[in-house]
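I opened this notebook to record what I looked up in one structure. The entries follow the order of my reading.

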Amino acid sequence: MFNITRRPRRNRKSSAIRDLVQETTLQVSDFIFPMFVQEGTRQKVEIKSMPGIYRFSLDNLLEELNEVVDLGIRAIDLFPNYPESKKDRFASESYKEDTFYLKAITAIKEKFPELVIMTDVAMDPYSSDGHDGLVEDGKIVNDATLEILGKMGVAQAKAGADILGPSDMMDGRVIHMRNQLDEYGFTDVSIMAYSAKYASAFYGPFRDALESAPKFGDKKTYQMNPANKREALLEAQLDFEEGADFLMVKPALSYLDIIRQLDENFDIPIAAYNVSGEYAMIKAAALNGWLDGDRAMMEVLISIRRAGAKCILTYFAKEAAFLLNR
């Protein structure tokens, strides 16, 4: 007989005991579901690189949201797909009152008043250059971009947005946006700052969805170097001091250490974006029979929560909600 005092397997001997001692939980209310809207009617266009994810016209989006809400998902992040004909170098379409994206926000809020609507604040969906900032002489200029982002943020708040998501990575955008929101009376509108947004290879399918890839160069002068960790603390500290209500890490799966670092250093909620490439990898492997898609999905999501994320932006939201509700 072996004299083994501590036997951890005793706490794994049955499903009931495993559930009893589970350290990290995952629930549907943790999810923010990224969704795509485009102009037109009766449109539902599958994104080839993201099986199961679609761009919707507003009428079909409202129908889809009935199912989303019925699953218990309480927050979405809405992204617009604009035709090239409406893009210019100043992203001026982004704050026009009659633009379809702002109308979609208002329509969703009217039909689903309890649903949290998060929006994207960056120039790339509206920019003829495909960059997150204003381009002058081949360079992305910072401070002139802030003026555009401020107008965009106020327009989205006016349309009914609950949370603004500045995803541009320009210096000083959080404080400028907070000042603009407060000046126009939108003191209750939150800011979820993309604080540690890395220049990642995992964004490819998202750019397919928005058809917004850069027309030249890359985004490495404003998105972070994947090799850097301490820099994330600097970016997060600045966003925290400037009034952000949430700090986000993007992508999530390759940056679990960054999620943990921010969670340990800041007493506001940490969000993580389980991005399109992470979604596409699991979907592709599952479709080829190389792994169990449902198990891999849930393992990824629980790992993001375990790292310290309070909320997760994920394209898996509907599928995960279905499994969690069973």
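Predicted model: local features only at pLDDT ≥ 70, side-chain atom pairs only at ≥ 80, totals over all residues.

Side-chain atom pairs count only at pLDDT 80 or more, while totals for chains, interfaces and linings use all residues.

I then looked up the aromatic pairs and found 11 in the structure. Rings of Phe, Tyr and Trp (its six-membered ring) pair if their centres lie within 6.5 Å; planes under 30 degrees apart are stacked, over 60 edge-to-face, and the rest tilted. Tyr82 lies in the loop between β4 (75-81) and α3, and Phe100 in helix α3, so the pair ties together parts 18 residues apart in sequence. Helices (H or I, at least four residues) and strands (E, at least two) are DSSP runs, numbered from the N terminus.

Tyr82 also pairs with Tyr126, and I recorded this pair as tilted, with 5.1 Å centre to centre and 50° between the planes. Tyr126 sits in the loop between β5 (116-121) and β6 (134-136), 44 residues from Tyr82. Tyr126 is buried, as is Tyr82. I listed one aromatic cluster formed by Phe36, Phe79, Tyr194, Tyr273, Tyr279, Tyr315 and Phe316.

Entry on two helices. I found that the axes of α3 (residues 100-111) and α4 (residues 143-159) come within 8 Å and cross at roughly 35°; axes are lines fitted to C-alpha atoms, for helices over the stretch in contact, with angles from 0 to 180 degrees between N-to-C directions. Tyr101, Leu102, Ile105 and Thr106 of α3 meet Ala155, Gln156 and Ala159 of α4, where contact means heavy atoms within 4.5 Å.

I searched the whole structure and found 1 cavity of 30 Å³ or more. On a 1 Å grid over the protein atoms alone, a cavity is a set of points where a 1.4 Å probe fits but cannot get out; a pocket is an open set with protein on both sides within 12 Å along at least five of seven lines, and lining residues have an atom within 4 Å of a point. The largest cavity holds about 150 Å³, a volume being the space filled by probe spheres set on points joined across faces, edges and corners. Its lining has 18 residues, with Asp124, Lys197, Tyr203, Phe206 and Lys250 nearest the centre.

The largest pocket has a volume of about 410 Å³. Which element gives the largest share of the lining of the largest pocket? I found that α10 does, with 5 residues. Residues lining this pocket include Asp19, Arg295 and Leu324.

Entry on one residue. I located Arg305 in helix α10. Arg305 is buried, with a relative accessible area of 16%. Leaving aside neighbours within four places in sequence, I found Arg305 in contact with Thr24, Thr25, Leu26, Asp30, Lys310 and Ile312.

Note on methods:
Residues numbered from 1 in each chain as written. Heavy atoms only, no water. Buried < 20%, exposed > 50% of the residue type's maximum accessible area, 1.4 Å probe, protein only.
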